[in-house]
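Please look over the sequence and the model shown here before reading on. The paragraphs that follow take up the sheets and then the ligand.

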Amino acid sequence: MEKTRCLIIGSGPAGFTAAIYASRANLQPILYEGMQPGGQLTTTTEIENFPGYPNGIDGNQLMDDLRKQAKNFGADVRWGVVTSVDFSISPKKIVIDETQTIEADTVIIATGASAMYLGLPDEQKYAGQGVSACATCDGFFYRKKDVAVVGGGDTACEEAIYLAGLCNKVYMIVRKNYLRASTIMQKRVMETPNIEILFEHNTVGLTGENGVDGADLIKRKGEPDEERVHIAIDGFFLAIGHKPNSDIFKPYLETDQTGYIKTIPGTPCTSIPGVFAAGDVADPVYRQAITAAGSGCKAAIEAERYLSQNGL
Ligand SMILES: Cc1cc2nc3c(=O)[nH]c(=O)nc-3n(C[C@H](O)[C@H](O)[C@H](O)COP(=O)(O)OP(=O)(O)OC[C@H]3O[C@@H](n4cnc5c(N)ncnc54)[C@H](O)[C@@H]3O)c2cc1C
């Protein structure tokens with residue numbers, strides 16, 4: 001059976017940064033890219049807040065550069081999805097694509113997070129035909145059209161403002177009678193003339209023969225004045241948060257209610273020695289490329305320490 005001193009799961013900023021540090025420390029890491037090579041940043045265009053790029057950088061370019069940098073130092077970057085793990089033994093066992101098992105002295109989990117959906121059957125029915133969880137990726141297809149954004153937090157406001165620059169009209173469908181977003185984001189939304197906020201509305205279904213042409217909503221659900229509302233839209237954008245990709249680790253590692261892997265505060269160390277968690281999968285607060293990269297660096301340094309302390 002193949003064995004490695006350091007196995008990294010995930011190819012976002014956390015995984016590749018861990019791979020850069022681990023390979024420079026001569027750990028000869030193996031990194032599995034997973035189902036989304038390059039991670040979440042490959043779904044966006046311009047990144048303006050990653051330090052070192054005064055003019056911004058394309059998300060795909062940044063991730064290609066990180067991959068190259070990791071490979072240049074010797075990281076073994078591979079295609080494949082980790083489908084199960086066994087952290088009850090040392091070395092740990094990791095199964096790739098349900099077929100191949102690898103043993104690893106240390107494991108760095110950098111599996112990130114995925115967009116959340118409402119759970120309506122219509123979201124699947126119209127996937128790629130009007131339903132999207134990424135305004136930056138798909139907004140272009142809805143130029144001069146009417147769209148809706150679901151959610152009331154900062155992300156929903158950002159997506160609505162972005163879409164308002166492209167589309168004719170943007171509805172924000174908000175369950176509560178207020179926005180959860182920061183004051184500055186609320187102000188920007190309120191000041192955007194082609195955004196209309198539908199407070200206290202829930203989506204119950206989508207309509208359309210060839211792709212989405214509308215959404216069925218319920219206003220003030222469960223109240224005496226409950227009302228059914230139909231809006232005509234071509235695009236339905238989800239902006240209700242993300243789910244950490246931690247399911248396969250849950251039998252071994254503690255997570256919070258949402259599924260974020262718990263680490264010792266300020267470190268990437270989990271409750272299992274030799275297993276580390278970095279990036280969005282363990283970060284319910286910051287969820288940024290630079291914080292993910294920073295924690296990937298910490299995870300590789302901790303992996304190196306664990307190996308040397310245990311003579312591995
Ligand atoms: C549209 C959009 C725009 C954004 N814009 C910015 C921005 O401008 N600035 C900023 O700082 N941040 C931005 N972010 C947030 C940023 O993308 C994330 O904080 C960052 O990508 C998190 O990095 P990560 O390495 O933790 O995980 P991710 O980037 O989520 O990558 C996770 C990786 O894990 C892999 N993976 C998952 N499960 C498995 C498995 N079982 N086996 C193997 N691999 C697996 C995936 O394939 C993926 O490669 C944006 C996010 C989105 C969605």
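Two strands count as paired if DSSP finds at least two bridges between them, and the strands themselves (E, at least two residues), like the helices (H or I, at least four residues), are DSSP runs numbered from the N terminus. This is a predicted model, in which local features need pLDDT of at least 70 and side-chain atom pairs count only at pLDDT 80 or more, while totals for chains, interfaces and linings use all residues. Residues are numbered from 1 along each chain as its sequence is written, and side-chain values use heavy atoms, with hydrogens and water left out.

An open sheet of 5 strands has the order β10-β17-β11-β12-β13, with parallel pairing. At its edges stand β10 (131-132) and β13 (195-199), each with a single partner strand, so one side of each is left without a neighbour in the sheet. Within this sheet, β11 (residues 146-150) and β17 (residues 235-238) pair in the parallel sense over 4 bridges, and valine 150 stands opposite leucine 238 in β17.

Another open sheet has 3 strands in the order β14-β15-β16, and here the pairing is antiparallel. Its edge strands, β14 (201-207) and β16 (227-231), each pair on one side only. Between β14 and β15 (residues 214-219), which run antiparallel, there are 6 bridges, and threonine 207 has glycine 214 in β15 as its bridge partner.

Turning to the ligand, a polar side-chain atom of glutamine 288 lies 2.8 Å from one of its oxygen atoms, and a backbone N or O atom of alanine 289 also lies 2.8 Å from an oxygen atom of the ligand. The elements that give two or more residues to the shell around the ligand are α1 (13-24) and α7 (289-309).

Conventions:
Polar contact = N/O pair within 3.5 Å; in protein donor to acceptor, adjacent residues only side chain to side chain.
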